[in-house]
Amino acid sequence: MPYEVPPLPYDYAALEPHIDEQTMRLHHDKHHQAYVDNANKALEGTEGADRPVEQLLGGLDAIPEGKRPAVRNNAGGHANHSLFWEIMSPDGGGEPEGDLAAAIDSVFGSLDELKLLVNDTGVKRFGSGWTWLVHDGTGLAVVSTPNQDSPLMTGDVPILGIDVWEHAYYLKYQNRRPEYLEAWWNVVSWAAVAERYDRAVEK
Ligand code: MN
């Protein structure tokens, strides 16, 4: 079955003032749609077409070489953005609870330390990409990927990811990526992030 852009689970304007309505409309309806369309086109007629996107990204070697770059970029874009919409909420912000909170304190010292590291990693990503909190099989770690590469490509499970492509913030923040990253934590859905963490730990 071809991939589809999942509906946004809140209104386009719901993340204002931190993320503006126009950015959300373009980002979800145009950018994500383009990744989905191009992924479907690249996968047409391959056996990858019927695989869940997470599974596909974990085994890109199975994709014919000529199609691999297009699949990597666009299926990666689809997976990354599907996660991104899901881990934001108009009722976001605050602090995580439970096992995730304990793991963050134990690995990074505090939530503030984690935010600093995620933001710094995002600021240092040259060009376009993502800054991530992942579960690497042994515990939590912060990593960055270029372009639309997914942590799944190297066997990590993405728990939280922030899009640092200019299309994610330029209309409101222009060149001020650090300001966007700081504001982003006001819309993080810790409930959704904790759910992803629990699933990763159970594996
Ligand atoms: Mn994006």
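Tutor: What follows begins with the interface between the domains and then turns to other local features. This is a predicted model, in which local features need pLDDT of at least 70 and side-chain atom pairs count only at pLDDT 80 or more, while totals for chains, interfaces and linings use all residues. Residues are numbered from 1 along each chain as its sequence is written, and side-chain values use heavy atoms, with hydrogens and water left out.

The domain assignment divides the protein chain into domain 1 (21-86) and domain 2 (98-202), with bounds that come from an automatic or database domain assignment. Their C-alpha centres are 20 Å apart, and 19 residues of domain 1 are in contact with 21 residues of domain 2 (contact means heavy atoms within 4.5 Å). Between them the two domains bury about 1700 Å², 60% of it on carbon and sulfur atoms, where buried area is the accessible area (1.4 Å probe) that two parts lose on being put together, summed over both. Of the area that domain 1 buries against domain 2, Asn80, Leu83 and Phe84 supply 35%, more than any other three residues.

The interface also holds two salt bridges, a salt bridge being a side-chain nitrogen of Lys or Arg within 4 Å of a carboxyl oxygen of Asp or Glu. Glu86 forms a salt bridge with Arg196, their closest N and O atoms lying 3.4 Å apart. By the same rule the count comes to six salt bridges, and one of them joins the side chains of Glu21 and Arg25 at 3.0 Å, N to O. Both of these residues lie in helix H1 (residues 21-43), four residues apart, about one turn of the helix; helices (H or I, at least four residues) and strands (E, at least two) are DSSP runs, numbered from the N terminus.

Turning to a helix pair, the axes of H4 (residues 98-108) and H5 (residues 111-124) come within 8 Å and cross at roughly 70°, the axes being lines fitted to C-alpha atoms over the stretch in contact, with angles from 0 to 180 degrees between N-to-C directions. H4 is therefore roughly perpendicular to H5, a term for angles of 65 to 115 degrees. Ile104, Asp105 and Phe108 in H4 meet Leu111, Glu113, Leu114 and Leu117 in H5.

Two backbone details remain. A cis peptide bond joins Glu16 and Pro17, with omega about 0°, and Pro17 lies in the segment before H1.

Terms used: Angles under 35 degrees count as roughly parallel, over 145 as roughly antiparallel, 65 to 115 as roughly perpendicular and the rest as oblique.
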